[in-house]
Amino acid sequence: MAELRLRDIRKNYGTVEVLHGIDLDIRSGEFVVFVGPSGCGKSTLLRAIAGLEDISSGEFRIDGALMNDVAPSQRGIAMVFQSYALYPHMTVFDNMAFGLKIAGFRKDQIAARIRQAAEILQLTPYLDRYPRALSGGQRQRVAIGRAIVRDPKVFLFDEPLSNLDAALRVATRIEIAKLKQAMPGATMIYVTHDQVEAMTLADRIVVLRDGRIEQVGSPVELYRRPANLFVGQFIGSPSMNVLGGTLARTGPDTRVELDAGFTVAVPIPTEAAMQGQRVHLGIRPEDLRPCSTDPLFRATISLVEQLGEVQLTYLDLPGLAAPLIAKLPGHLDLHPGRDIGLTAEAANLHLFDRHENAIRPAEAGHKVAVPAE
């Protein structure tokens with residue numbers, strides 16, 4: 001178990017700064033996921049924690065001890081990389097034992113640690129096999145086992161599933177979730193660009209963009225209360241629908257005149273000074289539902305992607321460059337060219353100001369307005 005503290009962490013490559021003052025506390029025993037688009041700095045931050053990248057400025061501490069100038073091997077950290085990096089001429093047992101042998105552990109200690117890790121990862125039947133006789137998911141579990149036997153303070157995972165096919169990704173993600181349950185005291189940091197992995201694995205998610213933290217919170221908090229438009233659109237699949245508009249009325253029952261030609265009342269208080277300002281209204285595809293009377297809006301279906309349980313319905317609205325997406329039940333009879341009325345609960349609407357920062361909702365219970373006359 002270990003507590004991590006990062007204060008004003010910056011990383012420069014020459015004159016280019018890629019991490020811009022990262023402040024973050026990671027509690028002991030926590031599973032934290034760094035997520036964000038390619039180039040956002042998540043892997044650079046992970047490598048700085050591991051000691052594989054020098055920190056240009058700021059402080060990084062583990063259990064209160066300053067780590068800035070401590071060698072990677074002395075930090076009590078084990079890292080699982082994107083590639084398995086297994087020795088092809090060694091068995092699973094020998095791959096997992098190699099680091100312990102170098103560190104001078106006795107044979108009985110090595111055997112005990114490997115047995116324990118193999119049981120956790122369900123690798124016991126494969127200890128005498130060579131990597132070529134394993135599937136990709138099994139090889140990744142061996143790489144994880146090699147980290148477990150070291151009994152580190154902190155586990156680091158750098159996109160460990162990105163080389164696996166879709167089915168193996170799901171299976172190995174489940175194995176990592178089980179590992180988290182089997183080792184509740186272990187502090188783990190996991191890097192991914194896949195927000196599904198982030199939502200299903202994390203105790204807390206750190207969303208990064210352009211070397212800065214946009215928001216830190218539980219998966220549910222980020223989904224329901226995004227701090228800004230970027231987080232709102234990044235978390236959730238398909239992405240949140242965003243409609244531009246203007247504040248026509250402020251106060252407890254804010255009204256927004258949307259460019260698509262309808263007006264919405266949202267239970268999000270705004271100040272009088274904001275009246276007339278441009279805003280963004282966010283609606284998640286799964287929060288839209290068919291409505292035959294008093295719909296929020298009517299639209300024409302342009303495309304339907306039938307997925308069985310649900311169908312992704314693409315809708316054309318005036319004033320929108322991209323279609324609106326609704327995730328609707330799979331049994332509905334939907335087809336291109338059909339007009340459909342849709343609505344959403346007021347509590348599920350998200351409002352963002354002209355700077356794309358969230359305007360926090362008031363108490364739920366207000367009704368969505370009918371279309372403007």
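Reply: Happy to! Two strands count as paired if DSSP finds at least two bridges between them. Keep in mind that this is a predicted model.

Me: Which residue stands opposite Leu 281 in S20?

Reply: In general, strands of a sheet pair through backbone hydrogen bonds, either parallel or antiparallel. Here, strand S14 (residues 278-283) and strand S20 (residues 349-352) run antiparallel and are joined by four bridges. Across that pairing, Leu 281 faces Leu 351 in S20.

Me: What is the order of the strands in the open sheet of six?

Reply: The order is S13-S12-S11-S14-S20-S21, and the pairing is antiparallel. Strand S13 (263-266) and strand S21 (358-359) each have a single partner strand, so one side of each lacks a neighbour in the sheet.

Me: Now the hairpin of S4 and S5: which residue takes a positive phi there?

Reply: Asp 63 does, with phi near 50°, in a hairpin that has two residues between the strands. S4 and strand S5 (residues 65-66) pair antiparallel over two bridges, and Ile 62 stands opposite Ala 65 in S5. On S4 (residues 57-62) there is also an antiparallel pairing with strand S1 (residues 4-13), through five bridges; in it, Arg 10 is opposite Ser 57.

Me: And Asn 95, is that residue buried or exposed?

Reply: The cut-off for buried is under 20% relative accessible area. Asn 95 has 1%, so this residue is buried. Asn 95 lies in helix H2 (residues 92-102). Leaving aside residues up to four places away in sequence, Asn 95 touches Leu 86, Tyr 87, Met 90, Pro 131, Val 142 and Arg 146.

Definitions and conventions
Residues are numbered from 1 along each chain as its sequence is written. This is a predicted model: local features need pLDDT of at least 70, side-chain atom pairs count only at pLDDT 80 or more; totals for chains, interfaces and linings use all residues. Side-chain values use heavy atoms; hydrogens and water are left out. Buried means under 20% relative accessible area, exposed over 50%, partly exposed in between (1.4 Å probe, protein chains only). Contact means heavy atoms within 4.5 Å.
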